[in-house]
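User: I have a model open and want to learn how to read it. Can you take me through the features one at a time?

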Amino acid sequence: MNPYQDFVSQVTRAVQQAKSAPLGGFAIPIKPTHLATTPKALIFSPHPDDEVIIGGLALRLLRELAWNVLNVAVTQGSSKARQAERWKELQACCDYVGFGLVATRPNGLEGINLVARAQNAANWETSVERIVEILSEHQPRAI
């Protein structure tokens, strides 16, 4: 008998069960209260959704050590038509997981790639200045 047949059957069964799970509608978990002295961690999320995709350590800092975790929304996606909606989705996600949210500028930073850095130095420079402002303002213990 193939040793993987049982494993694949179990995974298939789990996927079928997951299809009936509710998609949202859960109460927002209680967030820890942060003092001015509470250590801060900043997550720089290049795109909406990245805060939870890469947020494992950040969630541990928040939940196990009660750190103040702030998601810096670097961009709000490349689709201009969806940027406002993406921001609302991002706010809802951060509210749910307990992260604070920091905007870089309205609609996020744009042209953040090596080509744009070479071709539009002025935009790159103002973007870097904004990140410096955020770092100076929050003085994170971890990034």
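This is a predicted model: local features need pLDDT of at least 70, side-chain atom pairs count only at pLDDT 80 or more; totals for chains, interfaces and linings use all residues.

User: Let's start inside. Which residues have the most contacts inside the largest nonpolar core?

Analyst: That core has 13 residues. Those with the most contacts inside it are Ala41, Ile43, Ala58, Leu61, Val69, Leu90 and Phe99. Next, look at which elements supply the residues. β1 (40-45), α3 (56-65), β2 (68-73) and α4 (83-97) each give at least two. Helix α4 gives the most, with four residues.

User: What does Phe99 touch, leaving out residues up to four places away in sequence?

Analyst: Its contacts are Ile43, Glu51, Gly55, Ala58, Leu59, Leu62, Val69 and Cys94. Another core lies apart from the largest one. This other core has five residues, including Leu42, Leu70, Val102 and Ile134.

User: Is Phe7 buried or exposed?

Analyst: Exposed. The cut-off for that word is over 50% relative accessible area. Phe7 has 52%, so it counts as exposed.

User: On to charges. How should I think about salt bridges?

Analyst: Side chains of opposite charge can pair when their charged atoms come close. In this model the count comes to six salt bridges. One of them joins Arg86 and Asp49, with the closest N and O atoms 3.6 Å apart.

User: Why does the pair of Arg86 and Asp49 tie together parts that are apart in sequence?

Analyst: Check where each partner sits. Arg86 lies in helix α4, and Asp49 lies in the loop between β1 and α2 (50-53), so the bridge ties together parts that are 37 residues apart in sequence. Arg86 is buried, at 18% relative accessible area. Asp49 is partly exposed, at 42%.

User: How many residues apart are Glu64 and Arg60 in helix α3?

Analyst: Four, which means about one helical turn separates them. Their side chains meet in a salt bridge at 3.1 Å, N to O. Glu64 counts as exposed, with 54% relative accessibility.

User: Which side chain meets Glu110 in a salt bridge?

Analyst: Lys80, at 2.7 Å, N to O. Glu110 is in the loop between β3 (100-103) and α5 (114-119), while Lys80 is in the loop between β2 and α4, so this pair ties together parts 30 residues apart in sequence. Glu110 is partly exposed, at 30% relative accessible area. Lys80 is exposed, at 55%.

User: Last, the backbone. What should I expect of phi?

Analyst: Most residues other than glycine have a negative phi. Look here for the residues that depart from that. Ala66 has a positive phi of about 60 degrees, although it is not a glycine. Its place is in the loop between α3 and β2. Ala66 is partly exposed, with a relative accessible area of 32%.

User: Where is Asn107 found?

Analyst: In the loop between β3 and α5. Asn107 also has a positive phi, near 70 degrees. At 35% relative accessibility, Asn107 counts as partly exposed.

How values were computed:
Residues are numbered from 1 along each chain as its sequence is written. Side-chain values use heavy atoms; hydrogens and water are left out. A nonpolar core is a set of buried Ala, Val, Leu, Ile, Met, Phe, Trp, Tyr and Cys residues joined through side-chain atoms within 4.5 Å. Buried means under 20% relative accessible area, exposed over 50%, partly exposed in between (1.4 Å probe, protein chains only). Contact means heavy atoms within 4.5 Å. A salt bridge is a side-chain nitrogen of Lys or Arg within 4 Å of a carboxyl oxygen of Asp or Glu.
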